[in-house]
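Work through the exercises below with the sequence and the coordinates at hand. Each task is followed by a worked solution.

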Amino acid sequence: MNAKAVGDQPAKAGGMQRVLDGIERVGNKVPHPALIFLGLIVIVIVASQILSWAGTSVTTEVAEPATVEVAPEYPQGSSVPGNDAPPAPAVPDFEVHQETITAESLLNGDGIRFMFTTAVQNFNDFGVVAVILVAMIGVGVAEEAGLIAALIRKMVKVAPKGAITFIIVLLGGISSVASDAGYLVLIPLGAAAFVSLGRHPLAGIAAAYAGVSAAFFVNILITPADGIITEVTNETVALVAPDVHLNVTHNFYFSIAATLFCAIVMTVITERILEPRLGKYDPSEAPADAPLDHQPSEEETALESRGLRWSVYYLLVAVAIVSALTFIPGAPLRNPDTGEIFGSSPFMSSLLFIISMLFLAAGLGYGRGAKSLTGSTNVINAIVKTFNGLGGLIFLMLLIAQFIAYFNYTNMSTLAATGLADLLERADIGALPLLIGFILLVVVIDLIMPGVIPKWAILAPIFVPLFYRLGIAPQTVVAAYRVGDGPVNVITPLMVYLPFIVLVSQRYRKKAGIGTVVSMMLPYTVIVLVAWTLFYVAWYLIGIPWGPSAPVHLG
């Protein structure tokens, strides 16, 4: 795909265009993520043997409970003769000792046995797949019924004219819970909304595209991606802290605040930078045979409104059921020992399942009201269709599970994390500069690997243990990853929806091409990255928890 203008004359390639063309050429040579992980698995296997031959090892300090002598128990349950009341149990002392960790080969007898006997168990223990399937039940039904698209259309329609940019950007951020709806519905709708208000349609496309993609991995809702990233993080942090376990709300406060903050920043970029540069829209720029945006008929609009009402009814019933199971004293979703709801409780542990069921209820209500999804068979088919679409991702998860298991078995992650931690401790540059450097690393990788999950599967086994050894909490690292993951999405030529964005742009400007879209989106990338990084730094320095029971620093 070359960045040519649509018309008789090719667009003149300037310096920036040549850079973008170079990125596109390199990116097009990047293989499928599944092949990348197959290659990484081969590299781990070969490297493990080389490191084993070389006798690679690190020595680190480990704290373990000291050996405690068992005190004799006297009559009446006392440990002191004649004492009627037993003393309070003593807190064990910890002894710090040095432990040497060596590289383990995957090509010796033990390593080969490990690979052959654990392939199924590695996948079975990788909780990410179960998270994906459970989360997508509700979201898939809601999307297949048409609820997500209807909500987007309705909210754009009723939004005040002065707030339309912010509403479109914010809806884009929220729509990342079901990304296809954001790209395929909101972007054309953003252009149509701007045209109807006498504003430039390309600005509407840019605002919607930025909202959906430039801050993709934050939301005011818990999304399936949150569950997946959480499980991958737990798999990797267990290397250094088996007792540490994150849940899907570990970045919830930050995610909500970042969604709103980025929406404000993108709104300012659209109205103060992009629209003045685009100028007044000239309808003659559009091709004569440009397809018209679909205008729903009165019957479609009435069914859509009825569906939205029914979705609210179903959702309220579902919320009432969950509330009864949670907020009534002694309810089963409270902690059975302490009665708490938002700390360590069944409610928090089942939050992703609850959200999925709320989406399912709303989707069923919309489908019945709008007559877009009726009958139990059609509902099951909608779920099956959603699962069918996850086939490629599940295969990728199979490979990622093996990669993480092999990486852990060889001790390569521990060796790398311990060695790098020692170097960084001696460098003494501080935690915050390291986190900013990590954000910039994610930005660079995102140019050639836009997917949220594959990047984290590669980075987490190295950086989560590394930062933990430096005293940086896993939730702090995940928050930094969110910042680095989004801004470049809107300019990388490897974004799968980029051809669609170009096609929508050509409805309104016949000469539009990839260069047009990237040049529009470049200010979003630069400004959002800088502003969001500063927002992250401020959050870190103030010390606001990232989410419930998720402090900035390790306790």
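The exercises that follow concern a predicted model.

**Exercise 1.** Describe the chain as a whole by its secondary structure, burial and contacts.

Solution. Start with the secondary structure: the chain has 21 helices and two strands. Next take burial: 48% of the 555 residues count as buried. The chain exposes about 26,100 Å², and 64% of this comes from carbon and sulfur atoms. Finally, consider contacts between residues at least 6 apart in sequence: 81% of them join residues at least 24 apart.

**Exercise 2.** Determine how helix α2 and helix α15 are arranged relative to each other.

Solution. Two packed helices are described by the distance between their axes and the angle between them. The axes of α2 (residues 33-53) and α15 (residues 391-409) come within 9 Å and cross at roughly 20°. Angles under 35 degrees count as roughly parallel, so α2 and α15 are roughly parallel to each other. Their crossing is left-handed. For the contact itself, list the residues: Pro33, Ala34, Phe37, Leu38, Leu40, Ile41 and Val44 of α2 meet Phe395, Leu396, Leu399, Ile400, Gln402, Phe403, Tyr406 and Phe407 of α15. Sorted by type, these residues give 14 nonpolar, one polar and no charged.

**Exercise 3.** Decide whether leucine 308 is buried or exposed, and identify its contacts.

Solution. Leucine 308 lies in helix α11 (residues 298-326). Its relative accessible area is 11%; buried means under 20%, so leucine 308 is buried. Beyond neighbours within four places in sequence, leucine 308 contacts Leu147, Ala150, Leu151, Lys154 and Tyr366. Leucine 308 and alanine 362 are 54 residues apart in sequence, with 8.5 Å from C-alpha to C-alpha.

Key: Residues are numbered from 1 along each chain as its sequence is written. This is a predicted model: local features need pLDDT of at least 70, side-chain atom pairs count only at pLDDT 80 or more; totals for chains, interfaces and linings use all residues. Side-chain values use heavy atoms; hydrogens and water are left out. Axes are lines fitted to C-alpha atoms, for helices over the stretch in contact, and angles run from 0 to 180 degrees between N-to-C directions. Helices (H or I, at least four residues) and strands (E, at least two) are DSSP runs, numbered from the N terminus. Angles under 35 degrees count as roughly parallel, over 145 as roughly antiparallel, 65 to 115 as roughly perpendicular and the rest as oblique. A crossing is left-handed if the near helix is turned anticlockwise from the far one by less than a right angle, and right-handed if clockwise. Contact means heavy atoms within 4.5 Å. Ala, Val, Leu, Ile, Met, Phe, Trp, Tyr, Cys and Pro count as nonpolar, Asp, Glu, Lys and Arg as charged, and the others, Gly among them, as polar. Buried means under 20% relative accessible area, exposed over 50%, partly exposed in between (1.4 Å probe, protein chains only). Accessible areas come from the Shrake-Rupley method with a 1.4 Å probe; for residues, only the protein chains shown count as cover.
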